[in-house]
Amino acid sequence: MDNLTEDHQERNIGIDGHINIGNSGGEINHNFDTEKAASSTVLAREEFGEKDMSPVAGNSMHRSSSRPQLDLSGAAIQGNFEEKDPTILLPNQSDDISHLALDIGGSLIKLVYFSRHENQPVNDRRRKIIKARLGITNSNRMSYPILGGRLHFVKFETAKINECLDFIYSKQLHRGMDSRHWQSESPNTGNTIIKATGGGAYKFADLFKERLGISIEKEDEMNCLVAGANFLLKAIRHEAFTHKEGQKEFVQIDSNDLFPYLLVNIGSGVSMIKVDGDGIYQRVSGTNVGGGTYWGLGKLLTKCKSFDELLELSQRGDNRTIDMLVGDIYGGMDYSKIGLSASTIASSFGKAISENKELEDYRPEDISLSLLRMISYNIGQISYLNALRFGLKRIFFGGFFIRGHAYTMDTISFAVHFWSKGQAQAMFLRHEGFLGALGAFMSYEKHGLDDLMVHQLVERFPMGAPYIGGNVHGPPLGDLNEKISWMEKFVQKGTEITAPVPMTPPGTTGLGGFEVPSSKGDTLRPDASKLNVGVLHLVPSLEVFPLLADPKTYEPNTIDLSDHGELEYWFTVLSEHMPDLVDKAVASEGGTEDAKRRGDAFARAFSAHLARLMEEPAAYGKLGLANLLELREECLREFHFLDAYRSIKQRENEASLAVLPDLLMEIDSMDEETRLLTLIEGVLAANIFDWGSRACVDLYHKGTIIEIYRMSRNKMQRPWGVDDFDIFKERMLGSAGKKPRQYKRALLFVDNSGADVVLGMLPLAREFLRRGTEVVLVANSLPALNDVTAMELPDIVAEAAKVRLIPLCSLNLPIFLHNASYAFPIRRGLLVDAMINIQDSPTRERSISVPLMVVENGCGSPCIDLRQVSSELAAAAKDADLIILEGMGRALHTNYNAKFKCDALKLAMVKNQRLAAKLINGNIYDCVCRFEPAS
């Protein structure tokens with residue numbers, strides 16, 4: 001019998017709708033017979049097959065040949081009990097952490113670790129059918145189990161290395177390397193090896209062996225830096241940014257046009273590396289004047305005790321009291337003949353020569369800033385000269401000296417811009433502190449990162465993981481109760497968020513909480529330039545939407561939040577909507593005390609996110625409205641509110657289905673042209689039901705769903721705010737005796753539950769089906785507000801299909817409803833009935849095999865970024881010649897300006913006055929019917 005210890009469980013909902021079971025090490029014991037478990041038919045083949053559960057092989061990693069241990073406590077069959085191979089949910093199964101890598105520098109330890117969350121399919125039968133129908137394979141997973149997991153980034157001060165060791169031990173990261181020792185309390189006697197780079201890999205090797213029983217395999221520092229930089233620049237969108245006069249601008253790097261570039265690593269000294277490709281590089285120059293120089297001189301001159309303290313001093317400094325400027329030499333005038341302004345530094349520390357002052361007469365703040373600019377300007381100049389020497393267009397700066405510090409980046413940027421006369425620019429990396437650790441991670445054999453594409457990476461920012469500078473030792477808050485307790489200690493004062501007391505015993509912050517910054521009191525507000533690093537989710541099932549006209553220039557967000565006025569407005573909208581959202585979320589969980597506590601914690605957490613972004617909009621990368629809305633949904637899921645509007649959606653679906661037959665009879669009595677207009681009006685009118693809009697929430701108090709829908713229909717007056725209906729009608733019905741060409745396949749991106757989908761989109765889908773067009777209904781993978789999901793939609797369609805309008809005795813028209821409960825063709829019902837009104841026999845013959853499919857879109861947000869969609873949707877899109885985007889989130893907030901390779905129809909009612917005025921120069925409740933022929 002084996003003994004398995006386990007700590008708190010962390011249940012997360014993955015982007016593909018799967019439930020992910022997490023573990024962070026701990027104390028609950030479960031005894032079971034491993035061999036029996038391995039042979040039991042209870043182990044669902046797809047969830048725990050050899051291929052998916054086997055650990056990653058490494059160069060010199062010691063691997064156990066035994067099967068990974070499984071925790072069968074609480075095991076239950078999920079889904080249809082009559083299935084031959086039912087899915088088994090193991091709620092207490094722990095993560096298999098396959099990799100851990102370190103970069104141990106002189107000042108900081110950077111740690112990268114990978115956790116593989118096995119996805120438990122909620123509706124696996126639906127997936128099997130859709131894959132077979134669309135010909136989807138798992139080839140993109142290759143043989144690397146890293147795909148489908150998460151990369152975590154953590155920092156510690158090297159002087160506090162014991163905290164790092166405590167963190168590794170608390171999460172049992174060293175045990176994850178060998179399944180025989182997984183979470184065993186006994187000493188690790190195996191030859192477990194982890195990869196590390198940096199000088200500390202040599203210095204602290206014995207300490208790691210003594211404390212954790214693991215051996216460190218040293219990796220070449222330069223190899224790791226280059227490998228880490230190449231991965232980040234190729235795989236993460238908006239990794240690189242420029243920094244000028246305090247303003248960040250993210251730069252999209254084309255991975256096919258990345259090389260060659262100059263990588264300037266500023267540590268204690270400076271190395272300048274010309275990178276020509278993966279594994280192809282040369283150190284071409286460097287300087288001994290670097291971060292160590294700044295820290296060393298700064299410590300002598302200011303008595304600062306830490307690098308961060310020295311940087312903080314510089315923020316309050318005035319270098320003009322020490323530096324000799326051009327204006328000091330030329331009587332306050334520019335030296336315009338050679339292009340020098342009066343404010344240009346002529347000589348760093350030059351004024352100290354002529355002034356009769358002692359060191360204590362100068363402010364430490366001024367000394368720190370003068371030192372910072374002296375060293376940064378020189379590094380920037382030498383870097384540019386080397387780039388010029390080799391004809392390199394791009395210069396990327398990294399290393400501990402930068403630390404996301406605004407003045408440092410500004411001075412380097414100024415130097416490069418000045419000496420290149422604006423022909424070159426300095427660029428920086430969001431994950432710059434983790435280049436070495438990432439490179440060490442990639443030195444494992446078959447790590448799988450080389451095969452990742454940018455669309456397969458999703459960065460998320462759970463509370464407890466805002467890794468700012470070197471102050472946060474996250475992700476320390478894995479257990480939900482601990483996280484809630486931590487959130488309850490927040491005290492908000494405007495945009496300032498006071499940190500809680502660390503939740504661990506004195507002497508360690510490795511298990512939770514924040515280290516108090518040395519000179520900023522106990523606030524969580526860092527220097528505004530510092531960027532947060534989240535958790536990278538590696539999602540193999542995401543692909544680029546194949547119908548985008550130009551994926552490289554595609555920008556999903558319509559609203560530019562770089563405008564501070566726009567940012568403030570939308571932050572206010574989200575804040576005002578929060579109380580209602582919390583009420584709905586708590587009600588969805590039965591209104592229990594636990595739900596109320598989680599609701600309060602969610603409100604605090606999301607407010608903290610908003611405060612951080614208001615202070616620094618680029619903190620989480622490039623910010624758009626879609627990112628904000630997705631962040632809100634992720635925050636809800638983080639506190640286990642999986643579907644806040646569940647009961648509301650069910651109620652609205654039932655009410656809408658009850659009146660659907662009457663609506664269809666009305667539609668069927670119309671001539672073709674009137675019917676098409678009525679259908680489009682119906683979609684626009686039904687789109688009024690949106691719990692994300694304050695104006696629409698107010699409407700719910702003024703009448704029933706049906707009353708509001710009828711009121712909306714009655715107010716439909718053309719011309720609409722954007723009115724391309726006549727162009728669309730001509731494409732659908734033809735004109736002047738010209739017969740129309742029927743669409744082959746239409747993708748209908750649906751929005752809200754209830755009247756929106758039932759009375760709006762389903763009747764429109766029915767019209768396409770009767771014309772012989774294949775219809776693919778595209779819905780969210782995860783709940784967001786009252787949006788319908790791909791898991792809910794088949795049941796709604798099946799209920800609609802029970803309506804009998806016209807008797808069918810001989811038709812054999814299958815509709816594919818890909819749901820475990822409806823995984824068979826439905827040969828009768830309202831959607832099929834519609835096809836009886838077929839105008840000519842060739843179309844009728846085609847319609848015999850017309851399918852209706854439901855696919856998930858790969859996201860859990862009211863908006864959609866078409867650079868990252870599900871493999872189901874990507875496969876369904878390949879034969880599509882029409883896209884219909886419905887709703888504010890998918891057609892207005894995002895994708896309003898998107899261009900496609902096929903025809904596109906964008907339909908929405910504008911339920912926000914500011915957006916209506918800005919986007920279409922209209923008013924609230926104006927409608928958009930925008931038809932765009934294929935680009």
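A salt bridge is taken here as a side-chain nitrogen of Lys or Arg within 4 Å of a carboxyl oxygen of Asp or Glu. By this criterion the structure holds 47 salt bridges. The model is predicted: local features need pLDDT of at least 70 and side-chain atom pairs count only at pLDDT 80 or more, while totals for chains, interfaces and linings use all residues. Residues are numbered from 1 along each chain as its sequence is written, and side-chain values use heavy atoms, with hydrogens and water left out.

The protein contains 30 helices and 34 strands; helices (H or I, at least four residues) and strands (E, at least two) are DSSP runs, numbered from the N terminus. Of its 935 residues, 61% count as buried, where buried means under 20% relative accessible area, exposed over 50%, and partly exposed in between (1.4 Å probe, protein chains only). The accessible surface of the protein comes to about 36300 Å², and 51% of this belongs to carbon and sulfur atoms; accessible areas come from the Shrake-Rupley method with a 1.4 Å probe, and for residues only the protein chains shown count as cover. Among contacts (heavy atoms within 4.5 Å) with a separation of 6 or more, 73% are between residues 24 or more positions apart.

Helix 13 (residues 406-420) has 15 residues and reaches 21 Å from its first C-alpha to its last, close to the 21 Å expected at 1.5 Å a residue. The expected span of a helix is 1.5 Å times one less than its number of residues. Its buried residues are Ala406, Thr408, Met409, Asp410, Thr411, Ile412, Ser413, Ala415, Val416 and Ser420. The buried residues of helix 13 pack against several elements, including strand 13 (240-244), strand 15 (261-266), helix 9 (307-315) and helix 12 (364-390). Lys421 follows helix 13 and has a positive phi, near 55 degrees.

Helix 20 (residues 672-686) also has 15 residues, and its end C-alpha atoms are 21 Å apart, in agreement with the 21 Å it should span. Eleven of the 15 residues of helix 20 are buried, so the helix is largely enclosed by the rest of the structure. Among these buried residues are Arg675, Leu676, Glu681 and Ala686. The N-terminal end of helix 20 is capped by Asp671, a side-chain oxygen of which lies 3.2 Å from the backbone nitrogen of Glu673; a polar contact is a pair of N or O atoms within 3.5 Å, and within protein one must be able to donate a hydrogen and the other to accept it, with residues adjacent in sequence counted only if both atoms are side-chain atoms.

Arg770 and Glu767 are joined at 3.7 Å, N to O. Both residues lie in helix 24 (residues 755-770), three residues apart, about one turn of the helix, and both are buried. The side chains of Glu932 and Arg930 meet in a salt bridge at 3.1 Å, N to O, and these two residues are likewise buried. Salt bridges that share partners join Asp668, Glu672, Arg675, Arg766, Glu767, Arg770 and Arg771 into one network. Glu799 and Lys802 form a salt bridge at 2.8 Å, N to O; Glu799 is partly exposed because its relative accessibility is 35%, whereas Lys802, at 53%, counts as exposed.

Arg745 lies in strand 28 (residues 745-749) and is buried, since its relative accessible area is 3%. Beyond residues up to four places away in sequence, Arg745 touches a set of residues that includes Arg133, Leu134, Glu774, Met853, Asp879 and Asp881. Met614 is found in helix 17 (residues 593-615). With the same exclusion of sequence neighbours, Met614 touches His564, Leu567, Glu568 and Phe571. The C-alpha atoms of Met614 and His564 are separated by 8.8 Å, although the residues are 50 apart along the chain.

Most residues other than glycine have a negative phi, and most peptide bonds are trans. A cis peptide bond joins Phe259 and Pro260, with omega about -5 degrees, and Pro260 lies in the loop between strand 14 (247-251) and strand 15. Another cis peptide bond joins Arg718 and Pro719, with omega about 0 degrees. His640 has a positive phi, near 65 degrees, and is partly exposed at 25% relative accessibility. Leu785 has a positive phi near 50 degrees and is buried, with a relative accessible area of 8%.
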